[in-house]
Each structure stands twice: as structure tokens, then as C-alpha cells.
Amino acid sequence: EMRSQGIISGNPIVWPKVDQPKAWFYPILDTDGKSIRELWIYRVQGKQLQHIDQVAVRPMKESFITVPLVGTASQVASVDSNAAPASVRLMPGSSATAPWLLLEGQRRYGNTVMRYGQILSYQADSHRVHRLLNWSSSAGKPPHWQRSEGGDQQLIIDQTVGLRPSFLLYRLVKSDPPKLQEVSLYSSVYESDTANPVYEQALKLAQGAVWSHSLAMMQSAKKALGQDWSSQAEDQLMLIRLHAARTKSQTEQNWSSQQQHILAYLIDGQWDQALGALENKPAIYDSTLKRLDRDFDALWRGITTHLQVHPKDATTHIWGALMVTARRSPEAGEDWLKQKTRSKNTLKRWQALNQPNRNAVESGGEVVNGNPVAHVSTVAAPTTTSQGSYAGMVGQVRAIGTPGDGWLRSQTPSTLIPGQTWYHIEVQLLQDSSGWRSPTSINAASFWAESLSLRRQVQLFHNQRPVANMTIHGVKAYGTGMALLAVGPQVEAATLAANADGLQWLTTLSWQPPPMLPAVTSNLPDADSPSSEALNSEALNSGALNSGALDSDNPDENAIELSMAAAEPDTSIAATIGHQLGLTLEQTRQVYPHLRHATLDLLGDSTPEQLFSVHHELSPELALTPGKTMIFSTAGELLYSDVNQPQSLLALTAKSTEQPAKLLIEQAGRYTLIGL
């Protein structure tokens with residue numbers, strides 16, 4: 001049959017075993033002979049094979065495959081191509097009645113090898129194959145099964161990058177066909193009137209990736225709730241335990257450097273041990289600050305989350321001040337600490353730890369990223385007339401008392417008038433003819449000669465709005481970074497500088513109410529109906545529905561409704577929004593018309609992408625964070641979301657024929673560009 005159609009087959013899979021086969025699965029290869037495009041299923045009838053089904057294997061979006069790398073040093077700038085699986089095998093744990101098929105492929109991104117694929121289920125009674133889940137692993141490990149304490153099957157996917165663990169956990173829902181429901185740590189499994197406060201605090205700590213503390217509190221909550229402890233809460237406990245076991249084991253390893261051991265302590269939330277290690281070896285202070293700056297986003301999230309649960313923890317306060325020092329300056333770190341605590345002992349401990357940098361500042365030096373900078377005499381910059389090649393910039397701003405030395409300065413007099421102040425702008429992104437990039441290895445004089453037009457357009461921003469023009473008086477290059485010296489009016493809490501036209505800010509978009517949903521929405525089951533759970537687990541599963549990996553081939557009512565949702569992009573979008581926000585179907589119906597909506601062609605393919613933002617006027621009872629944004633393709637695929645993420649989308653770059661638009665993201669006062 002295959003030869004007659006010119007079809008190439010890979011090695012077939014037999015189930016359950018070769019000497020007693022019940023079914024054969026033949027991977028059908030693409031013309032390249034490497035990637036799988038279909039899976040043909042045959043059942044054994046006596047001495048013959050009967051062709052009973054075939055399933056198209058759709059390629060996966062690389063933007064989905066690389067999701068585990070987002071927010072890490074291995075993050076991929078922008079990928080929009082497809083990747084097909086190259087192999088198929090039976091998953092370990094497949095039984096004599098329910099085999100699981102694992103489709104898999106591999107792609108390298110820098111130093112990281114990503115494994116990705118799909119999980120299929122074969123139902124022997126109906127002789128049908130069902131697609132259940134798309135998966136990707138940055139740890140290079142395929143998904144595997146385990147049993148819960150109650151005996152239920154659970155699927156684990158390892159998405160760890162570096163020292164920071166990340167696991168996905170799914171519970172198996174026994175139905176026909178079976179379903180996988182993701183275990184979430186962003187929603188309580190109890191009603192507000194029955195929830196235990198320790199349980200709620202444990203969830204909050206887990207959301208901040210403070211795993212060991214979260215595990216201890218969740219175990220305490222389990223004892224306190226007793227008979228009210230639910231299987232869903234047990235699943236959350238299992239997911240927290242997976243992370244805590246990894247972070248705990250890392251603190252017990254023998255590290256080659258003390259900085260790595262301190263980082264392992266911090267990731268595990270062992271603030272006292274980490275601070276003690278730093279105090280016992282003050283020579284590593286500067287190198288530790290560099291490491292804090294490199295891992296700032298995730299560490300800051302853990303510290304601030306821990307302080308929300310334990311607001312008087314002195315050691316965590318000191319680490320927060322050290323983080324601010326690493327990112328800004330010792331003065332800023334001390335100011336932050338004084339705002340958080342009045343404890344004299346905590347302040348003395350901080351000052352003793354930070355004394356080397358304080359001496360550098362008091363002697364007239366400057367601290368950049370927590371490190372004293374050796375200055376040379378200020379040099380006058382040459383007069384320039386060319387508009388230059390730089391078109392845009394984004395920088396972190398802080399007010400300073402005096403400029404200090406080491407600047408390549410303009411020849412324009414810079415006497416301040418009342419109401420003005422000096423600003424230090426740490427340039428984080430630059431735009432030239434090649435696009436946006438970090439300011440690495442740029443010569444100060446060369447930048448000055450090529451930036452006249454840019455320097456005339458720099459503005460000071462507050463809450464994403466330009467509030468004042470700035471005058472650039474100097475530039476300084478150091479290591480892999482660059483800073484600008486500017487004069488502008490005194491603006492409290494201003495932290496961002498950018499040029500006037502280089503970015504399209506979200507606050508300036510033409511926001512409108514979202515489009516009306518198709519009539520199918522009114523047919524969705526109520527949140528309390530028996531069929532709502534099935535629809536909620538599948539239709540709201542953005543990783544499966546939006547990637548096109550899920551077919552509705554079960555003729556029951558739920559599957560028909562799921563197929564309708566998948567066929568209507570707007571309905572699919574609404575379902576995904578509800579899943580992202582942790583809302584029930586009824587809450588999604590209520591919230592959706594009150595979201596903010598905008599359309600823009602961000603990918604340069606002449607089809608508009610859709611942006612949805614949480615409006616600040618939504619009911620506070622829903623506990624939704626205003627300004628959180630989601631971006632969808634025309635087909636309803638989720639391209640970006642900062643819901644439940646410690647980051648915010650601020651602006652968009654202009655797309656060009658060479659590259660799609662990029663997203664300007666703010667996270668704990670740091671700005672970066674990512675691709676869709």
C-alpha cells in the first residue's frame with residue numbers, strides 16, 4: 001500500500017510486544033526522509049494488518065518550543081519557523097490497554113539543545129489515536145510518568161535552565177479519550193471562605209519561586225486542613241516538592257566558586273546561609289554583585305515575594321538592598337533599605353558589608369553595577385554636525401548630585417538652573433541601521449560622532465509617558481556597557497529615558513472594546529456543569545489548542561463544542577484569556593467585554609495581530625493586575641503574555657521589511673527587547 005503511493009516509512013512501532021502484537025504504528029516520513037508527517041495505525045487481524053486510522057503530525061512552532069528559554073540568558077531573540085518531530089516510540093509506563101506514543105525532535109539554540117514533541121494516546125477499544133499535548137524541554141529530557149500518593153498518574157516535563165528549576169506537572173483525567181490537565185500554582189483550589197492562610201502564603205511563595213519555604217508552608221497547610229485537604233492541593237504540593245528537591249540538592253553540592261554556592265543558596269531561599277557566606281569572604285563582594293546583576297530578575301522576584309509573606313525578615317532586606325546596589329548604586333541600595341526597615345542592627349550589618357563601595361563613592365569615584373569605576377580626567381568631545389547613524393535608545397535613569405570624572409563631555413556650558421538636576425542614563429538598548437541591540441563594545445567618541453540626531457530627541461519618561469526633554473552632555477563607555485550624562489528637570493520616580501519616535505508606547509495605542517464573540521460562546525457549558533471541566537482543560541490549554549496540536553475526533557458533545565471553539569479564533573482567544581487569567585468560564589464571559597483591545601501588524605505579514613490588556617477599571621474582586629497584556633495571532637495563537645509573570649509590556653518597535661516588531665519589556669526596573 002505504501003509503495004503504491006510512493007510513501008517512505010520509518011521503523012514501525014509494535015504494541016504491546018512483537019510476539020503478541022495488537023497494533024502497529026508506522027511513521028510516515030516527509031520527502032526529506034527525516035521528519036514525520038503522518039502516523040498510520042494498523043491492527044492485527046489474524047495474520048493480516050488492517051489499516052484503521054492515520055493521523056497528520058503537524059509541525060510545531062519554534063516560538064512554542066523556545067518558551068522555556070524566555071527570561072533566561074539563553075533566550076532566543078525571535079523565531080517563527082516550524083519544526084517537525086523526527087522519531088516516535090512508546091512511552092515507558094504504557095500499559096496493555098492504553099499505550100502512549102511519544103513524538104520527538106531536537107533543535108539547538110546556542111548552547112542549549114531543546115527536545116520537543118507531542119504525546120498521543122491510542123484507544124484500543126475504538127482503534128483511534130488522540131493528540132493530547134505539545135511539549136518542549138530545555139533540560140534535554142523527554143516527559144515521564146509518575147504515580148501520586150493517591151495512585152493517580154501524573155506527567156512531568158522538565159524545563160529547567162541552568163540552576164533555576166522549572167517543571168510542568170499534568171494530572172491524567174481518565175475519560176474517553178483521556179485528557180491531561182496542567183497543575184497551576186497561580187490559583188487556589190479552595191473557596192475564599194474555606195482557604196487556609198498558610199496555604200495561600202505557600203502558593204504566593206511558589207509563584208515567586210521560593211521553593212523550600214513554599215514546601216514547608218504547604219506541608220503545614222496540609223496538616224492544618226486535615227480532611228479538607230484535596231487531591232488538587234496534593235498535586236500542587238507535588239509540583240512544589242519537585243522544585244524544592246532540585247534547589248535543595250544544589251545547595252549541598254561542592255561548587256568550584258563561592259559565588260555559585262551563594263547563588264544556589266539564594267535560589268533555594270536560604271537567605272541567612274547566603275549572607276553568612278558573603279560576610280565570611282568579603283573579597284568576593286564585587287564579583288557577587290556582578291552575579292546578582294546577571295541574575296537580577298529572578299532573584300528580585302524571589303526576594304520581594306518572600307518579603308510580602310515575611311515583611312520583617314532582616315536578612316532578606318539586606319539582600320534586597322544588595323540587589324538594588326548591583327543594579328544601581330550603593331546609595332540607592334541604602335535608601336531602599338531605609339524605606340523597608342528602621343532596624344539599626346540591620347543597617348549596621350548592611351554598612352559593614354558594603355564598606356568597600358562606600359569608600360569608593362566618598363572618595364569621589366562612581367559605582368557602576370555595584371563596582372567602583374576607575375576614572376580618567378574628563379575629555380571634551382569634538383563638535384559634530386552629522387546627524388549620525390543612531391536612531392533610537394532606551395536607558396535606565398537615576399538622578400545624581402554631581403557628574404564626576406571620566407566623561408567624554410560636550411563643549412556646551414552645563415550650569416544648572418533651579419529645578420534642574422543631573423541624570424545618569426545607563427543605556428540598555430540602541431537602534432541603528434541593523435536594528436535594536438545592546439550597547440556592547442561601543443567606543444564613546446564614535447558614538448558621540450554618530451548620535452547628534454538621537455541626542456536631540458532623548459526624553460524623560462514617567463509611567464510610560466514623556467514628561468520632559470533632556471540635554472545630553474556626555475558619554476562614557478565601560479566594559480560591555482555605556483552611560484550618558486544628561487540634564488533635565490527634577491522628576492520624582494522617573495526611571496526611563498528614550499528617544500521621541502523610536503517606540504510605540506502601549507499607552508498611545510488606539511484601545512477599543514474587544515470584538516463580539518461568535519454565537520458559539522452562548523453555547524459553552526456553565527462553569528458548574530459536568531462538561532465544563534473537560535472544556536476548560538482542553539479549550540483553555542493554549543499549548544495544545546493554539547498550536548493546532550489537538551483535533552476533535554470524539555463525537556460526544558464536549559468534543560463537538562471543543563471543535564467549534566477551535567474553529568473560531570475569537571472564541572479560542574477568549575478561552576485562552578480565561579485560562580491565562582485563571583478565570584472560570586462564567587467569569588471569562590463577564591470580563592471579556594471589558595478588556596482593552598487593539599490590532600497591529602507586528603509580524604509584517606499584512607495580517608493584524610490582536611492585543612488584549614487588563615483594564616484598570618475591572619472589579620478588584622477578580623484580583624486581576626491592571627495593564628497585563630496578551631498578544632494573539634489572527635488564527636488565535638497566543639504569541640505573548642505577561643500574565644502571572646514579573647514583567648510588563650511597555651512599548652513596541654516599528655516593524656520593517658527585514659524583521660518583525662519587537663516588544664520592550666520592563667522587569668524590576670530593567671528593560672529588554674524580545675521577539676514574537
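This is a predicted model: local features need pLDDT of at least 70, side-chain atom pairs count only at pLDDT 80 or more; totals for chains, interfaces and linings use all residues.

Residues are numbered from 1 along each chain as its sequence is written, and side-chain values use heavy atoms, without hydrogens and water.

Helices (H or I, at least four residues) and strands (E, at least two) are DSSP runs, numbered from the N terminus. Axes are lines fitted to C-alpha atoms, for helices over the stretch in contact, and angles run from 0 to 180 degrees between N-to-C directions.

**Helix pair**

Helices α5 and α7 pack at about 45°, with axes 10 Å apart. The two are therefore oblique to each other (under 35 degrees is roughly parallel, over 145 roughly antiparallel, 65 to 115 roughly perpendicular, the rest oblique). The table gives the residues that meet; contact means heavy atoms within 4.5 Å.

| Helix | Residues | Contact residues |
|---|---|---|
| α5 | 258–268 | Q259, Q260, I262, L263, L266 |
| α7 | 285–294 | S287, T288, R291, L292 |

**Sheet**

Four strands form an open sheet in the order β28-β29-β30-β31, with antiparallel pairing. Strands pair if DSSP finds at least two bridges between them. β28 (596–600) and β31 (638–641) are the edge strands; each has a single partner, so one side of each lacks a neighbour in the sheet. Neighbouring strands are turned by 20° against each other on average, direction ignored.

Inside the sheet, β29 (residues 609–613) and β30 (residues 629–632) run antiparallel and are joined by four bridges. L611 has I631 in β30 as its bridge partner.
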